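Me: Please set out, in question-and-answer form, what may be read from the model shown below.

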Amino acid sequence: MELIKELLYNSGKPLGELYTWAHGIWAGWGAPPFLLDLIFQIVIGVAVAAVVVLNALWIIYYDRKLSALMQIRKGPNRVGPLGLLQTIADTVKLMIKEDINPKAVDIFSFWIAPLIIFIPTFAVFLVLPFGKGLIPADLNIGILYVVAITGLTVIGILAAGWGSNNKYSLIGGLRSAAQIVSYEIPMMLVILSIVLMTGSMKMSDIVAAQSHYKWFVIPQIIGFIVFLIVGNAEINRAPFDLPEAESELVAGFNTEYSAMKFAFFYLAEYTNLFLTSAIAATLFLGGWEGPLLPPIVWFFIKTYFVVTILMWIRWTFPRIRVDHLMEFSWKYMLPIALLNLVITAIVIKLV
Amino acid sequence: MTTKAPFELEKLSNDEYILNMGPQHPSTHGVLRIILKLDGEVVKDLYCDVGYIHSSVEKMCENKKYEMIMPYTDRLDYLSAVNYNWGYALAVEKLMGITVPERAEYIRVMLAELNRIMSHLLWYSAYGMDVGALTPIMYAFREREEVIDMIEGMTGGRLTHNAFRFGGFRNDLPKDFMDSLKKFIGHFNDKIDEYEALLINNIILTARTIGVGVLSKETAINYGVTGPSLRGSNCAIDLRKTAPYSIYEKFDFKACVGKNGDTWDRLKVRMDEMRESTKILKQAMEGIPAGDIMAKVPKIIKPAPGEVYTKVESARGEFGVYIVSDGTDKPYRIKFRSPSFSNLSVLKEITIGSKIADVVAIMGSLDLVIPEIDR
């Protein structure tokens, strides 16, 4: 009982003890310690993968239910209680479908694209602070790592657009490249303001700097709003879903994809939604901090709060046009983020 | 069947490419094929390839008796079937000199206006989908369902309602019709405000539509554009007003017009038209007299030799019927003038120079129904 409580509320300590204890036994057997580290890393990797997949299954169901609520519908309600197993049924369907490779595709980029898109989303989970001490790898460049890794997605989308050998896909891919590149800059600037306030890029330090409920959402309210908008654009969700604009480009960069390759895109989209929300929660809403409930629960509550806001936006607004999208980034988001950064820097210097 | 290539491929510059939009495409609302010549995202030229679902309705009509043609007309434009029935019924009545009893005229007006609302609601939903908003369709269908239920009570059909007869209407109104109509009129105006708040006045949509696809009054008239698409260009031509048929003179309503003729004006005209239709419905509900619903019509329809042209204002524009009779029980020749065909012809004029996304937005604002174009 004590142990479970300790695990939930202060996960770092018991996990650290487990690590040293295992190393002690391992050394007693005379085995090289790096092998044990490798085993630990594999276990962590599998745990992260499980979290990603389970979370994606839930978030897709949540999106469908929430949109149903907004649209006076019922949403999935046939498979399992309250339709909870619907996503699993869909996944099984996608897995057993025929994997079609159209004749004219560039087979290498066609195959590699879903992987390039999906792997970074996995990798980012490494630095998410789920709870006190519960962070797979607390890198000292945590947030920079996040930005760098998520930036890879655009290569995948471009590869999908080019490799599909379809004009709709190509337009979608090019739109996405322009979009992600121009929205990355305001995002960096907002993150920079946070880094200025904490003096560290380590995720655990960013959470620690907001302890005692001094959440950055108050001083950085502009930054928070900019981050939500820009983050939404980064993950290609409506109203910024131009790369896969259904009514214009059929399905954009994933027009030619089917079966499991399509599932990868789908999974990546929702995992990215979760990631953006999780990072927003960590940077602005105090991460896992909160009263009574265990930190990990608070982390998910805050993340899903942001997820809900993003879904709300997605189901309300029409799609923005491609030139307005660029204008919006360069003429509004960038100056606002820059101003926010300058003000933050001045205030920090003065205080 | 061969189609001549609209653009000569070897004449394309290095920056240009051809994009084939349709015939299977999410936003062509049926089987319309548009071939776009693009430079990046900018439309340089376009060509509409129609005729994929040509069914030669007019030729078929020549081999049918007059009564049997009626169901063909409501399949031309399945979204405002009633007005097409009416256009045809009006032509035959004029040819035979039948006067329709007043109660039947009131029922016809009510049905036609309900149908207009239903059609505009579907247009609103589809337009939401075209511009990427997925929620408006659910809101509009909530009210559309009410309208369809009323129409189903009147005619028995939910899509291709067909209850017009030469000289009147097939059956009288169902008992509970007036109550449900009263209830509907009571709250529908608030719902239109809700639709406008959700989509039409949304800042993203206004940015996408104001100043886009500007159709000048002259161009519109030159191309024969009619209906809401013409009225969006500040041209108050509404056949219910300018060439009144049936009993439309009795009602107090106005022809809604836009200001600049851009895409947004066309959207706004349709929203306003739903309000006007509600007004007409209210007046019709209060003024409907008792009496017959069918005039005395001979058992066999055999109009005297001659020709006739009648036109009605459908939800999409002027629907005209031209009949040549040779005195037998089958028409010698029938020609339908369908509004969507002329409205589509102007697409090239107003789209060149805009973006791919605008093609969808502009085409949606013209409110096309494909079977009516191909006939």
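Reply: Two strands pair if DSSP finds at least two bridges between them; strands (E, at least two residues) and helices (H or I, at least four) are DSSP runs, numbered from the N terminus. This is a predicted model, in which local features need pLDDT of at least 70, side-chain atom pairs count only at pLDDT 80 or more, and totals for chains, interfaces and linings use all residues. Residues are numbered from 1 along each chain as its sequence is written, while chains are lettered from A and ligands numbered from 1 in the order in which they are written.

Me: Which element gives the largest share of the side of domain 1 of chain B that touches domain 2 of chain B?
Reply: The domain assignment, automatic or from a database, gives domain 1 (9–49) and domain 2 (57–372) of chain B. Their contact (C-beta atoms, placed from the backbone, within 7 Å) takes 14 residues from domain 1 and 15 residues from domain 2 of chain B. On the side of domain 1, β2 (33–39) and β3 (42–49) of chain B each give two or more residues. The largest share, six residues, comes from β3(B).

Conventions. Contact = placed C-beta atoms within 7 Å.
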